[in-house]
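This report describes a few features of one protein model. Look at the sequence and the structure first, then read on.

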Amino acid sequence: MSETIPTPSADDTVAAAPEASEQAPAELTIESLQAELANLQAKNADLADQFLRAKADTENARRRAEDEIAKARKFAVESFADSLLPVADSLEAGLAIKDASLEQIREGAEATLRQLVAALERNKVVAVNPAAGTKFDPHQHQAISMVPADQEANTVVTVLQKGYTIAERVLRPALVTVAAPK
């Protein structure tokens, strides 16, 4: 059942001659066209499969990223809490001593404070404790009052409460008194 597609003959009209050169050659058969169609359909199915796999991979990557973000939020303080556990242990050990002298309590409190400061610094929490005479910085200091002082105006006179930064971002500004203009 090998049919061929007829091509125009020399007897056709002159107007049809340009069309004859544009038509398919006589060797194109229905079987060859069906084979080409089957080949193209197979390529189409393969490309559709590749597309669906790529789409699924993208969706899986998005879900994994969302899960990782959720876990990071959930356990963000894990490292910080781990750094504070020795401080809690030291406080509990100090409280367990029933007959501690005032000097022992003071030494224990100082050692525990050093542990706490070290734990905070490991987690990028740094104290803001400006020295007297330091220029007032409204980004890191909060002025409680202006007082007359024998120093340059708009400089820190005293620190009422230390401030803290975390990774260079102000967590709490230092509460300070500032020298008033003369």
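## A strand pair

Strand β4 (residues 163-166) and strand β5 (residues 169-172) form an antiparallel pair joined by three bridges. Strands are DSSP runs of E with at least two residues, helices are runs of H or I with at least four, and both are numbered from the N terminus. Two strands count as paired if DSSP finds at least two bridges between them. Within this pair, Y164 stands opposite R172 in β5. The hairpin of β4 and β5 has two residues between the strands, and A167 takes a positive phi near 50° there.

## Basis of the model

The model is predicted: local features need pLDDT of at least 70, side-chain atom pairs count only at pLDDT 80 or more, and totals for chains, interfaces and linings use all residues. Residues are numbered from 1 along each chain as its sequence is written, and side-chain values use heavy atoms, with hydrogens and water left out.

## Two helices

Helix α4 (residues 102-122) packs against α3 at an angle of about 180°, and the axes are 9 Å apart. Axes are lines fitted to C-alpha atoms, for helices over the stretch in contact, and angles run from 0 to 180 degrees between N-to-C directions.

In the contact (heavy atoms within 4.5 Å), residues of α3 including F80, S83 and L84 meet residues of α4, among them T112, Q115 and A119.

## Residue S83

S83 lies in helix α3 (residues 78-96). S83 touches A119, R122 and N123, leaving aside residues up to four places away in sequence.
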